[in-house]
Amino acid sequence: MNRTSDPQTLLAIAGDVLDGAAGRFVAGLGAPSAVHKGPKDFATEVDLELERTITAELERRTGIEVHGEEYGGPATHSGDVWILDPIDGTFNYSSGLPTAGMLLALLRDGVPILGLTWLPLTAETFAAVAGGPLHRNGIPLPRLEKRTLADSMISFGAFNLDSGGRFPGPYRFALLGELSRVSSRIRIRGSTGADLAYTASGSFGGAVVFGHHVWDNAAGVALVRAAGGIVTDLHGDDWHIGSKSVLAAAPGVHAELLDILHALGDPGDAA
């Protein structure tokens, strides 16, 4: 193994590694919960197996360590490190729904410079190096153009009206209502990675993400940025790996979404 820092070379290797894991991903559809991670989260045996397999292959072929959702890894703020979510949309995957995928990003000093989102159950791949272009199934796509919220589908994170946290249920419910006044095309799909990939490709005009985990967000952020979209947190500050949320959208749509968010005020006031 000759270690390289060239992003295009690393992107090609990473794509090949994910291609090699896709068959196992498809075969494991419907896998039950195996590891309880919290009141609303779990991992399947396929999560664990894929993370071990992909991690070993990436480290063997690139010499770069992997930080995965299930097993952790090196610090993410300095040097080169892969960020891996072996199955994003685990509830969907375990239930037999096809909206689930493998997410992989390369951070360089904490900034995602590569993004890969593989959706084997729908035979779709999304990949990009910082600066673009975004490739969907290996074909480069045009950069995102300015559009309006009224003419866009918007993906929305899951919510429970009684939940607390940084963005409590009543706040999310109020935001959903305000969004619906402008766009009646709101989608809740249960996979942050897929939602951000479809935002990057232009299928969605934007994505509202309440979660903060870097393995959920880094690959999609890289894709949206490479496609010419705008990525901040829900407060409007530029997204970074320590951000607590994601607002990703095409030009024009992002500004309209941010106006709605600002008009709602502090999320804590809705609790």
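**Reading a core and a helix pair**

Guide: In this predicted model, Leu-223 is in contact with Gly-115, Thr-117, Phe-126, Ala-127, Ala-128, Leu-134, Ala-197 and Ala-200, leaving aside its neighbours within four places in sequence.

Visitor: Which residues touch the most other members of the largest nonpolar core?

Guide: The general idea comes before the case. In soluble globular proteins, nonpolar side chains tend to be buried together. Here the largest nonpolar core has 32 residues, and those touching the most other members are Ile-83, Phe-126, Leu-134, Leu-223, Val-231 and Val-246.

Visitor: Which element gives the most to this core?

Guide: Helix 6 does, with eight residues. Elements that each supply at least two residues include strand 4 (80-88), strand 5 (101-108), strand 7 (124-129), helix 5 (192-201) and helix 6 (214-226). Strand 12 (206-209) and strand 14 (246-249) are also among them. A second, separate core of 30 residues includes Leu-11, Phe-25, Ala-31 and Ala-100.

Visitor: How is the direction of helix 1 relative to helix 2 read, parallel or antiparallel?

Guide: By the crossing angle, where over 145 degrees counts as roughly antiparallel. The axes of helix 1 (residues 7-27) and helix 2 (residues 45-62) cross at roughly 150° and come within 10 Å. The two helices are therefore roughly antiparallel to each other. Helix 1 passes helix 2 in a right-handed crossing.

Visitor: Which residues of helix 1 and helix 2 meet?

Guide: From helix 1, Leu-10, Ile-13, Ala-14, Asp-16, Val-17, Leu-18, Ala-21, Arg-24 and Phe-25 meet Val-46, Glu-49, Leu-50, Ile-54, Glu-57, Leu-58, Arg-61 and Thr-62 of helix 2. Eleven residues of this contact are nonpolar, one is polar and five are charged.

Note on methods:
Residues numbered from 1 in each chain as written. Predicted model: local features only at pLDDT ≥ 70, side-chain atom pairs only at ≥ 80, totals over all residues. Heavy atoms only, no water. Axes fitted to C-alpha atoms, helices over the stretch in contact; angles between N-to-C directions. Helix = DSSP H or I, 4+ residues; strand = E, 2+ residues; numbered from the N terminus. Parallel < 35°, antiparallel > 145°, perpendicular 65-115°, else oblique. Left-handed = near helix turned anticlockwise from the far one by under 90°. Contact = heavy atoms within 4.5 Å. Nonpolar A, V, L, I, M, F, W, Y, C, P; charged D, E, K, R; others polar. Core = buried A, V, L, I, M, F, W, Y, C linked by side-chain atoms within 4.5 Å. Buried < 20%, exposed > 50% of the residue type's maximum accessible area, 1.4 Å probe, protein only.
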